[in-house]
Structures are given as structure tokens and as C-alpha cells.
Amino acid sequence: MGQTLTEKILSAHLVDGKMVKGEEIGIRIDQTLTQDATGTMAYLEFEAMGVPRVKTERSVAYIDHNTLQSGFENADDHRFIGSVCKKHGIYFSRPGNGICHQVHLERFGIPGKTLIGSDSHTPTGGGIGMIAIGAGGMDVAVAMGGGAYYITCPKVVKVELTGKLRPWVAAKDVILEVLKRLSVKGGVGKVIEYTGEGVKTLSVPERATITNMGAELGATTSIFPSDEITRQFLKAQGREEVYQPLCADADAEYDELVEINLSELEPLVACPHSPDNVKSVAEIGNLKIDQVCIGSCTNSSLLDMLKVAHILKGKTVHPDVSLSIAPGSKQVLNMLAKNGALSVMIDAGARILESACGPCIGMGQAPNSKGISLRTFNRNFEGRSGTKDGQIYLVSPELAAASALTGVLTDPRTLGDMPDFQLPELFEINDNMVVPPIEAEKMDTVEVLRGPNIKPFPVAEALPEDIVAKCSLKVGDNITTDHIMPAGAKILPLRSNIPEISKYCFGVCDESFPSRALDMKKSIVVGGSNYGQGSSREHAALAPLYLGVKVVLTKSFARIHMANLVNAGIVPMTFANEADYDRIDQMDELKIEKIGEQLKNGDTIVVTNTTKGFTFEAKVSLSERQKEMLYAGGLLNYTRTTNK
């Protein structure tokens with residue numbers, strides 16, 4: 001029996017375990033990336049491991065999230081990360097060079113390699129045939145130190161593409177169709193592998209858009225084959241030497257099959273407040289809009305921008321609409337400036353933002369109260385835009401640009417004939433904003449520069465014999481990491497200061513939670529299904545840890561967040577019987593006796609609600625390695641212990 005492309009790359013990098021689906025495996029990591037919102041913590045954790053130089057083939061630190069320097073905090077973090085890079089052999093992508101996923105695709109990604117990044121949209125790299133996975137900062141730190149990265153050996157879903165996209169229907173519509181069919185929980189424990197004749201009709205930037213938003217499926221990652229289209233892209237980036245052809249065997253067997261005829265797709269929209277709340281333009285109708293934002297790691301490539309410029313050329317943005325455009329990298333911005341497309345955008349009335357995440361992470365461009373904003377981004381979670389009652393719709397760049405001109409949601413197919421947009425034979429290549437590592441003999445002399453906002457990360461204690469604590473918060477289904485640890489211009493600068501940022505923990509759900517949890521000293525959080533979906537931010541585990549959360553008990557978890565809880569030393573449990581969720585109220589006291597002994601005896605944990613006087617069962621579905629991490633009090637303590 002042949003192998004899927006996913007199985008080929010994972011098995012070639014296997015260092016621990018066996019390729020048995022559902023079992024834990026450890027894989028060798030070739031490349032890592034961090035961004036500044038998660039990077040400071042990742043590098044503090046890396047320093048604590050005492051490894052003098054990164055052991056990966058290439059590690060890159062990007063500054064792309066916290067670029068708004070309204071105070072000293074972000075600038076200090078950037079300086080800290082830059083100095084860590086010099087000391088430990090890491091490439092440093094300076095502010096303004098672009099969004100990590102866009103730049104990594106352009107300049108560093110290699111087919112067949114493994115990449116983990118402290119950002120959930122790291123699967124963008126699957127657009128050129130990488131196994132690229134979003135992870136917590138601590139996992140990235142371990143990989144930089146030469147350690148394996150552990151995942152559950154995934155199922156592989158075959159998405160067979162046939163046909164060809166019709167004019168003005170976009171790659172964004174492909175992934176929105178997948179989300180519509182599978183939901184934000186449909187990819188959990190799976191890799192989404194794209195195959196079929198339709199693959200050949202998609203450029204690398206289009207493929208990357210699709211793999212980028214695979215994160216919204218909850219998937220481990222998504223991947224396209226590496227083919228002649230990939231080779232042409234790498235050649236245009238001056239990197240043809242890293243190309244290798246990669247695809248699944250003809251007789252490979254998959255766990256699921258999804259068939260999509262590209263020729264049948266139409267422009268789609270993800271409505272508030274979930275990426276899988278997908279409808280057609282016709283279903284939504286003549287929706288008046290207030291704002292359009294074009295960019296993010298999903299749709300900020302040169303190809304996207306050229307399409308937008310064509311639509312805007314010679315026209316003016318509707319007077320009731322604010323249009324902002326953020327090219328994804330310095331390379332894209334520079335090429336737009338040189339070919340005149342940037343001037344077209346400015347002439348039309350667009351506000352040009354720097355090449356950074358910006359509005360996608362809530363860093364500026366918050367819409368007006370109850371404002372309707374069309375965005376070419378990947379997430380539309382409630383409050384993520386910076387406006388709590390903002391109504392965020394996710395669309396393609398083509399639909400966004402057309403709507404910016406009319407002031408209402410507009411089907412781009414009304415634009416008439418679509419030109420044949422082609423990528424250049426050679427991109428503008430200038431890596432002068434990437435600082436390479438210095439000579440090894442000079443590293444020991446480098447001083448790591450720390451600002452006053454950079455505080456040590458909280459260290460968990462070893463697992464106690466018994467846990468007796470009250471439920472400090474009860475929340476519902478599909479709680480995102482934006483609910484747990486919000487982003488935005490006010491909060492992002494505090495990413496290096498866990499005591500300070502914890503004051504905003506669960507602020508979207510209950511503003512009184514941080515003070516209540518801190519007063520309780522130890523507590524348990526109860527949640528519904530798909531708890532922790534969204535961003536890979538480990539702050540959504542570190543802030544609860546600082547506030548004394550010992551256990552998170554839910555109906556089900558999103559992959560990355562559950563791993564981050566274990567890394568932090570917080571016990572993730574699920575209800576054996578989901579009906580027991582309804583029997584627990586906030587402030588109920590829960591008692592778990594001899595939890596370590598129970599973990600060693602299996603996956604079932606007996607919990608007593610002492611307030612209401614009943615006992616129920618919970619599950620802790622972890623590997624023996626993860627259980628050892630909990631006994632030690634988290635990944636950092638475990639790593640220190642095992643490395644002695």
C-alpha cells in the first residue's frame with residue numbers, strides 16, 4: 001500500500017513512536033518560526049533550557065504583530081528578540097519586512113521539510129509542500145533546542161479538487177467551502193491533503209491561502225503537493241535549488257474523502273462570528289458596509305494585490321467606506337510601488353498600512369460601533385477586531401475590493417472580464433531586512449537586552465496529591481483563545497508580562513474573572529466543546545496558570561490549546577458523559593483525590609462535586625509522556641528533569 005504525502009514526510013522525520021493513527025509520535029523539526037506576540041515568551045523559555053545555539057536547520061524570528069509602538073513595551077520586546085537572535089543563531093526579520101507566513105513562504109520554506117511556528121497559521125507553508133504546524137511557544141523552544149515535536153499521528157483527509165475556478169471566484173472561496181462542509185471542528189486530529197487535477201490550476205499563493213485557513217478547521221495542518229507550479233514559484237524567488245517534487249503515491253489510502261469541483265464554486269462569505277458560518281453572496285443580499293480591510297497572512301500576496309489594484313483602477317472608494325490595504329511583505333510592497341499598482345490603490349482612496357498583521361490581530365483599524373467590516377482575513381471571532389460589537393465578514397480580496405467601491409456586499413462576478421493574472425518570472429529579491437546569525441565565536445559576547453516590561457514566565461508546581469477547588473468560571477461551546485486571552489492594541493504590548501496581561505484573561509466572557517480567580521488562589525474552569533480553538537497563543541494557558549487555574553474541564557479541546565495547557569502544567573479533562581456539564585455551576589467545589597495515582601491507572605478520573613453531592617467521571621486523554629509532564633508541573637520542569 002502506498003503512502004500519502006503527509007505520511008511520507010512524517011515517517012521521514014519520525015524519531016519517536018510508530019506511525020499508528022491516534023498514537024503519539026515525535027518528529028524531527030527542520031525549521032521554526034516565531035512572531036513577536038509569542039516570541040518573547042518562547043525565547044525566555046529557550047534561554048531557561050541552557051542551550052547555547054539553536055539546533056534546527058533554520059530558525060527565524062519575525063516582528064509582525066506588535067508593530068504599533070505607542071509605548072516602550074513593543075520596542076523593548078523587539079530589541080530583546082533581536083539580541084536573543086544574535087546570541088543563539090537565529091535569523092531576525094525586522095519590523096517592516098513583512099508577515100511571518102508570507103515572508104517564510106517567499107524566502108525560507110522548503111518542500112518536504114518540517115516547520116513548527118508559535119503562530120496557528122504556520123500551516124501556510126503547506127502551500128509549497130511542507131509539513132508546517134502551529135504550536136505553543138514552549139514547543140518551539142524545545143524544537144530549537146534539538147528536541148522532538150510531539151503530535152498525535154493524524155488521520156489524513158483527501159480533498160480532491162477537479163475543474164478550474166471561474167473568473168472572480170478565488171482560493172478563499174475554496175477554503176470557505178471546506179469550512180462550510182467540515183466546520184471549525186472538522187479537522188481535529190487530521191491533516192488536510194489536497195490532490196487532483198484541480199491542484200495544477202492553483203498558484204502557490206492561492207494554495208497558501210487554502211492551507212493558511214486550514215487552521216480554522218482545527219486541523220493539525222494542510223498540505224499541497226510540490227510540483228511544477230511549486231518549482232516555478234521557487235525559481236522566481238531565486239531558490240529553485242531547494243525544489244523537489246513531492247506527491248502522494250497513486251495507491252495511497254486516505255481516512256476521508258472530500259470532493260470539490262472548482263468549476264462549481266461561487267463567491268462565499270463567512271458571517272459573524274465564526275469562519276464556518278459560510279453563506280453565498282446571494283444568500284446575504286444587499287448588505288451595507290462600513291469598512292473593508294485587505295491583507296493578513298491569508299490574502300496579502302502580490303497576486304492578491306494585483307487583483308485588487310485592477311479592480312480599483314480609475315475608481316474611487318465609496319464615501320461611506322473606509323478601505324485599508326496591507327501588503328504582506330516588503331517584497332510585495334516594493335513590487336507594487338515599482339509597477340504602479342500602489343499608486344492605483346492610493347488614487348482610489350485606500351489607506352495603505354505597513355506590511356504587518358495589523359487589523360487581523362486587532363492592532364488598529366477597529367471598526368465603528370456595530371460596524372460591518374469585510375476582511376480578507378482568517379478569523380472573525382467576536383471582539384477580535386477591537387470593537388466588541390463589530391460585525392466581521394471574511395471574504396476574498398476580489399469581493400472586498402468590489403464592495404469597497406459600491407458600499408454594499410458585491411459579487412465580484414459583476415465586474416466583467418477578468419484578466420489572466422500571472423506571477424512574475426522573477427520577484428524583487430532584497431533580504432536586507434533579515435539579519436542573519438553572527439559568527440559562533442562572537443555569540444558569547446552578545447548581551448541580551450531586557451526591558452522593564454519583560455517578566456519571567458510563571459512556573460507551575462508539581463502535580464499535588466489532591467485537587468480541591470471551586471469552579472471560578474463556566475463558559476459555553478467554541479470558546480476561542482481570543483476569549484481566554486484577548487489581543488488588540490491595548491493588550492498585545494503586555495505579552496511579555498504575564499502578571500499584567502492576566503488582568504484581561506477571559507475579559508470577553510467575564511471581566512471579573514481575573515480578580516476572582518486570583519483571590520481564590522486555585523480554581524477550575526469548566527467549558528463546552530471545541531474549547532481553545534483559534535490562535536496558538538500559549539498566553540491563554542500561562543495567564544490562567546498565573547491566576548491559579550489547576551484544571552480545565554470541558555466537553556472537548558482544540559489541539560494546540562490542550563497541548564499548551566499540558567505544557568503549562570494545567571490538567572485538561574473532558575467529561576466522560578457530556579450531560580454532567582449541565583450539572584455544574586460556577587462556584588461549585590470540585591474534588592479530585594489522588595489525581596496522580598488515578599492518572600497512572602488509566603485515563604478515567606473520578607471527580608466529586610462536593611457542593612451538590614454527586615460524583616462523575618472525566619477523561620484525561622494524554623500520552624504517558626504528557627502525563628509525566630503534568631507530574632513534573634509542565635514541559636519546562638519536565639525538560640529540566642529529563643536533561644539532568
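**Getting my bearings.** I began with the naming: a helix is a DSSP run of H or I with at least four residues, a strand a run of E with at least two, and both are numbered from the N terminus. My model is predicted, so I take local features only at pLDDT of at least 70 and side-chain atom pairs at pLDDT 80 or more, while totals for chains, interfaces and linings use all residues. Residues are numbered from 1 along each chain as its sequence is written, and side-chain values use heavy atoms, without hydrogens or water.

**Entry 1: the six-stranded sheet.** I looked up the strand order and found an open sheet reading β7-β6-β3-β4-β5-β20, with mixed pairing (strands pair if DSSP finds at least two bridges between them). Which strands stand at the edges? They are β7, residues 131–134, and β20, residues 434–435. Each of these has a single partner strand, so one side of each has no neighbour in the sheet.

I then followed β7 to its partner. Strand β6, residues 114–117, runs parallel to β7, and four bridges join the two. To see this on screen, I picked T114, which stands opposite I131 of β7.

Entry 2: Next I asked what lies across the strands. Helix α4, residues 100–107, lies across β3 (31–35), β4 (58–62) and β6.

**Entry 3: what else α5 packs against.** I stayed with α5 and found a helix partner, α22, made of residues 635–642. The two axes are 10 Å apart and meet at an angle of about 25°. That makes α5 and α22 roughly parallel (under 35 degrees; over 145 is roughly antiparallel, 65 to 115 roughly perpendicular, the rest oblique). In contact here (heavy atoms within 4.5 Å) are M138, D139 and V142 of α5 with L635, L636 and T639 of α22.

**Entry 4: the three-stranded sheet.** I moved on to an open sheet in the order β1-β2-β8, where the pairing is antiparallel. The edge strands are β1, residues 14–16, and β8, and each of them pairs on one side only. From one strand to the next, the twist averages 45°.

How many bridges link β1 and β2? I found two, in the antiparallel sense, with β2 covering residues 24–27. L14 has I27 of β2 as its bridge partner. Helix α1, residues 5–12, lies across β1, β2 and β8 and runs at about 55° to β1.

**Entry 5: α7 and α8.** Helix α7 covers residues 204–212 and helix α8 residues 228–236; they pack at about 110°, with axes 9 Å apart. I therefore noted α7 as roughly perpendicular to α8. From α7, the contact uses V204, P205 and R207, and from α8, I229, T230 and F233.

**Entry 6: the second largest pocket.** On a 1 Å grid over the protein atoms alone, a pocket is an open set of points where a 1.4 Å probe fits, with protein on both sides within 12 Å along at least five of seven lines; lining residues have an atom within 4 Å of a point. The second largest pocket has 30 lining residues, and T201, S203, E206, F421 and Q422 are the closest to its centre. At least two lining residues come from each of α7, α8 and α10 (302–312). The largest share is six residues, from α8.

**Entry 7: the largest pocket.** Here I found 39 lining residues, with T152, V188, R559, M562 and S621 nearest the centre. Which element gives the most? It is α19, with six residues.

Entry 8: A cis peptide bond joins P272 and H273, with omega at about -5°. I placed H273 in the loop between β13 (268–270) and β14 (278–280).

My other stop was S183, which has a positive phi of about 80° although it is not a glycine. S183 sits in the loop between α6 (171–182) and β10 (190–195).

Technical notes. Axes fitted to C-alpha atoms, helices over the stretch in contact; angles between N-to-C directions.
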